[in-house]
Every structure is written in C-alpha cells, then in structure tokens.
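User: I have a model open and want to learn how to read it. Can you take me through it feature by feature?

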Amino acid sequence: PLFSEHRDIMAAKQYDLLIYGATGFTGEYIAYEVATRAQKEGWTFALAGRQETKLKMLRDKVTKRTGFSDAAIEIADVKNGAALREIFGKAKTVINAVGPYRFYGEDVVTACIDAGADYVDITGEPQFMDSMALKYHTVAKNAGVAVVHACGFDSVPADCGCLFVEQKMKEKYPQGVVHSIESFITMDVDKKVGTGIHFATYECVVHGLSDVASLRALRKKLVAQPERQNSVKRVNGSGLKPPPMKKNPHKDPRVKGYALPFMGADAAVVKNSQTLRTNLDPEGTEQLPYYTAYFVLPGLFVVICFAIFGIIASFLVKYQWGKKLLLQHPKLFTRGLVSHEGPNEAQRQSTKTSLHFFGKGFKSREALSSKPDVNIEAIVSMRDPGYATTAVFIVECAKSMLQERSLLPSQGGVFTPGGAFYKTQLVSRLVEDDRVEMRVVNFRD
C-alpha cells in the first residue's frame with residue numbers, strides 16, 4: 001500500500017529528475033549524461049541552482065552537446081529552505097551535486113524529505129553519510145522518501161563490484177558462497193599529459209581529515225539504531241577468519257606497486273550496504289563476505305611523497321590556521337595535482353582507474369568445514385572516474401530509483417547503493433555500458 005500511494009504521488013510530479021548544483025564541475029557532466037539519456041528514456045528534467053544566468057548558459061551548452069533543448073530551469077539557494085522545498089516538490093528524484101556535503105548537504109536532504117522527493121548524491125564524505133543516516137533514516141522511512149548516498153565513483157565501483165563478485169559466484173556455483181573480498185584501486189596515467197583533481201574534492205578530504213575523532217563517535221551511535229542492530233552474517237567455517245588488514249605499504253604479487261589501506265569511503269559503504277541488507281530485507285539471512293579495500297601506488301618514491309603529505313596534512317588539520325593554509329595553497333601542497341580549474345579534457349580521458357577484486361569462497365556450503373576451494377578475480381575499470389563516469393554511475397542509480405523503486409528493501413530511509421539497489425538491474429546495466437568495464441578475469445580452484 002505504501003508503494004502504491006508513493007507511485008501515485010510521484011506520477012503527478014512535473015520532473016522525473018532535478019539536478020541541483022548543475023553548474024558545478026561535476027554537475028555539468030551529470031547534466032550532459034541526463035540530457036543524453038532523457039531522449040531515450042523519455043525523462044523530463046530540470047537544471048537547478050542559485051544563479052539563473054549560469055543555468056541558462058549551461059542549458060545552451062547541453063543543447064549544443066546533446067541536442068536536447070527541453071531542460072527546465074529552477075532557482076533556489078541552498079540556505080533557502082522554502083525555495084528548496086518548492087522546487088524539489090516538482091521532482092520525483094533529486095540529484096544533488098552541491099558539495100562539500102558536510103556544509104550544504106543536510107539542507108538538501110531535509111528539503112527532499114519534506115517535499116516528498118527521492119534523493120541521490122555523489123558524496124564520499126563518511127561523516128556526512130553517517131550523520132544523515134543517524135538523524136534521518138527513521139524520518140525518511142516514515143515519509144516514504146529514499147535517500148541514497150555515495151552514488152558516484154565513491155562508492156558505486158566498490159559496492160557494485162562486491163555485488164558483481166557475489167552474483168558471478170552464484171552463477172557458476174549455485175550452492176556456492178563468497179567468504180571474503182579484497183579490492184585494490186590502481187590508476188594508469190599518461191605521464192605526458194598528467195592528471196588532476198578539482199579543488200572541491202580536495203576540500204572534502206581536508207575537512208574529513210580534521211574530523212576523524214567525531215566520525216568514530218558518530219559510528220558508535222549509528223550501530224545502536226534498531227535498523228542496524230543485527231550483525232552481518234559472515235561465512236564462518238572451521239576456524240575461518242577474514243584476511244588481515246595490512247596497514248603498512250607492502251608489495252602484493254597480484255598487483256603492480258605498493259598497496260596501502262584505502263582511506264576513502266569504500267569499505268564503510270560496503271559494510272553499510274551489507275548491514276542494510278541484513279536488517280531491512282525480510283529475507284536478509286544471507287551470509288555476506290568480509291571486505292577489505294586497498295589502493296596501489298606505483299613506486300617507492302610516490303609512497304614517500306604520499307607519506308610526507310599525509311604527515312604534514314594530519315598535523316595542519318588540527319588547527320584552523322593549518323586548514324586555511326591547506327585550502328589556500330592546494331597546488332603547493334599537492335605539487336600541482338589539485339586546482340580550482342580541475343583536470344582538462346586530455347587529462348580526464350587519459351586517466352584510467354581500475355578496481356581489482358580478489359574473492360575467496362566455497363563451491364558448496366557443505367564445504368565450510370575446510371579452507372576456501374575457489375578463487376574469483378574480477379575487475380571494474382573506467383576512464384575519468386571522478387567526473388564523466390561518476391555522472392554515469394549516479395544517473396544509473398537515479399534510473400533504478402525511477403523505474404525499480406519497488407525493489408528497494410524499504411520504501412523509505414537512508415541507504416548506500418548496494419543496500420538500496422542490490423535487487424535491481426543496476427549491476428547488469430553497468431556491465432552492459434561500454435564506458436565501464438566490469439567482468440570476471442578468472443575462476444581458480
């Protein structure tokens with residue numbers, strides 16, 4: 001009944017999608033992706049933000065690039081709650097591209113809940129995601145609004161990559177189960193062209209580093225929620241343990257370079273998705289794999305440079321003047337990697353990022369008393385992961401929200417991608433998209 005009521009309300013909405021923050025660096029790529037898809041999908045959508053002039057200029061660029069000329073324009077400042085509620089009330093799903101989310105995200109989330117609009121974003125900020133889940137999961141659930149974070153490069157490749165490994169194991173061994181998954185992020189860059197990071201991404205990292213202690217306290221409160229109290233069921237055989245996390249830089253024979261624990265949101269997002277699957281799904285008795293995330297640096301010199309930056313940044317973020325220094329001189333502290341202009345077209349297209357997944361499991365649950373008897377290796381690879389391909393990821397998540405909403409484990413609440421869309425065709429569509437390589441490399445006994 002709740003879904004039927006929600007469907008009737010959504011049918012009366014003016015727009016299928018509203019892109020808030022469309023004129024931002026990543027928001028522009030999302031606008032291109034939505035416009036390209038809108039003609040095929042029959043979507044109506046609006047470009048939204050603070051400045052009408054910039055939005056009209058963007059609409060002209062979208063029309064020139066995609067041929068789609070019917071995008072509407074909606075104006076609202078992020079601090080004007082009434083204006084946000086008014087424009088969000090016209091949309092079935094809001095795509096929020098306004099960051100840093102720790103400063104601007106909550107106003108958008110609350111306005112969406114009040115306006116009855118579903119919500120997706122591209123945040124990779126753990127503090128923001130956990131805070132929204134703690135404050136608004138029950139509120140959103142009661143309102144019948146789905147809020148889904150981390151729908152960009154953070155953390156669709158990791159979250160959906162783990163789902164892909166689970167699915168492929170079941171396809172090959174119907175009675176099989178995955179015990180553990182390790183992922184390694186690698187980046188291939190054309191040295192002649194180089195690469196770059198937009199300042200907004202760097203800004204989020206700086207603020208995140210300064211708030212690690214509060215994140216730990218936040219997570220203690222989060223796990224006490226009724227919706228999260230049931231622990232994820234793991235594959236535990238005779239003395240089976242998860243692969244130990246190697247905290248120091250180390251060489252791994254499966255990848256080229258030095259592996260370090262990945263400090264981004266991937267591991268937390270995957271765990272969150274597994275927790276939601278366990279607690280919200282009536283059939284959530286399935287055993288789910290352990291997950292560990294690493295990233296790979298190409299050589300010892302890069303490891304040393306990364307360590308030096310980490311030491312300096314960890315010290316500076318403790319003080320307001322230190323954070324201000326880091327934010328005022330991004331090029332200095334990153335040797336030119338970060339800029340307000342962001343990477344140019346050549347840099348974006350020459351940057352290829354891959355997640356290599358190595359899973360261990362069992363061909364049959366009857367074999368759980370022994371050691372894992374099958375290994376699966378898979379890869380998720382893409383170019384321009386932080387911008388153009390992030391647009392692909394979030395638009396696919398928005399499509400699931402629009403067309404497969406009845407498959408969510410709960411018709412309202414705060415989710416991560418794997419926890420919201422694991423029953424949908426999201427993974428299958430990513431496999432079929434030429435811009436994303438998602439495949440099994442091999443199975444080994």
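User: Let's begin with one residue. Which residues does Glu33 touch, leaving out those up to four places away in sequence?

Analyst: Glu33 touches Ala391, Val392, Val395 and Arg435. Keep in mind that this is a predicted model. Glu33 itself sits in helix H2, residues 25–41.

User: Is Glu33 buried or exposed?

Analyst: The cut-off for buried is under 20% relative accessible area. Glu33 has 7%, so it is buried.

User: Now the whole chain. How many helices and strands does the protein chain have?

Analyst: The protein chain has 17 helices and 16 strands. Its radius of gyration is 21 Å, close to the 22 Å that the globule rule gives for 445 residues, so the chain is as compact as a globular protein of that length. Along the principal axes, the C-alpha atoms fill a box of roughly 65 × 55 × 40 Å.

User: What share of the residues is buried?

Analyst: Buried residues are 55% of the 445 in the protein chain. The accessible surface comes to about 20100 Å², and carbon and sulfur atoms hold 53% of that surface.

User: On to sheets. How do strands pair, and which strands form the open sheet here?

Analyst: Strands of a sheet pair through backbone hydrogen bonds, either parallel or antiparallel. Here seven strands form an open sheet, in the order S9-S10-S11-S7-S13-S14-S16. The pairing in this sheet is mixed. Strand S9 (250–251) and S16 stand at the edges, each with a single partner strand, so one side of each has no neighbour in the sheet.

User: Which strands does S14 pair with?

Analyst: S14 pairs with S13 and with S16. Strand S13, residues 352–362, runs antiparallel to S14, and 10 bridges join them. Strand S16, residues 436–444, is also antiparallel to S14, over eight bridges.

User: Why is S14 described as largely enclosed?

Analyst: Count its buried residues. Nine of the 10 residues of S14 (residues 374–383) are buried, so the rest of the structure largely encloses this strand.

User: How far is Phe415 from Lys246?

Analyst: In sequence, Phe415 and Lys246 are 169 residues apart. In space, they are 29 Å apart, C-alpha to C-alpha.

User: Last topic: backbone angles. What do most residues and peptide bonds look like?

Analyst: Most residues other than glycine have a negative phi, and most peptide bonds are trans. Look for departures from that pattern.

User: Which peptide bonds are cis here?

Analyst: Pro100 lies in the loop between strand S4 (91–96) and helix H5 (101–115). Another is the bond from Asp154 to Ser155, with omega near 0°. Ser155 lies in the loop between strand S6 (146–148) and helix H7 (156–172).

User: What about positive phi in Arg335 and Asp384?

Analyst: Neither is a glycine. Arg335 has a phi of about 55°, and Asp384 has a phi of about 45°. Arg335 is in the loop between helix H13 (330–333) and strand S12 (338–339). Asp384 is in the loop between S14 and helix H15 (388–403).

User: Are these two residues buried or exposed?

Analyst: Arg335 is exposed, at 68% relative accessibility. Asp384 is buried, with a relative accessible area of 3%.

Methods:
Residues numbered from 1 in each chain as written. Predicted model: local features only at pLDDT ≥ 70, side-chain atom pairs only at ≥ 80, totals over all residues. Heavy atoms only, no water. Helix = DSSP H or I, 4+ residues; strand = E, 2+ residues; numbered from the N terminus. Rg over C-alpha atoms; globule rule 2.2 N^0.38 Å. Buried < 20%, exposed > 50% of the residue type's maximum accessible area, 1.4 Å probe, protein only. Areas by Shrake-Rupley, 256 points an atom, 1.4 Å probe, with all protein chains shown as cover. Pairing = 2+ DSSP bridges. Contact = heavy atoms within 4.5 Å.
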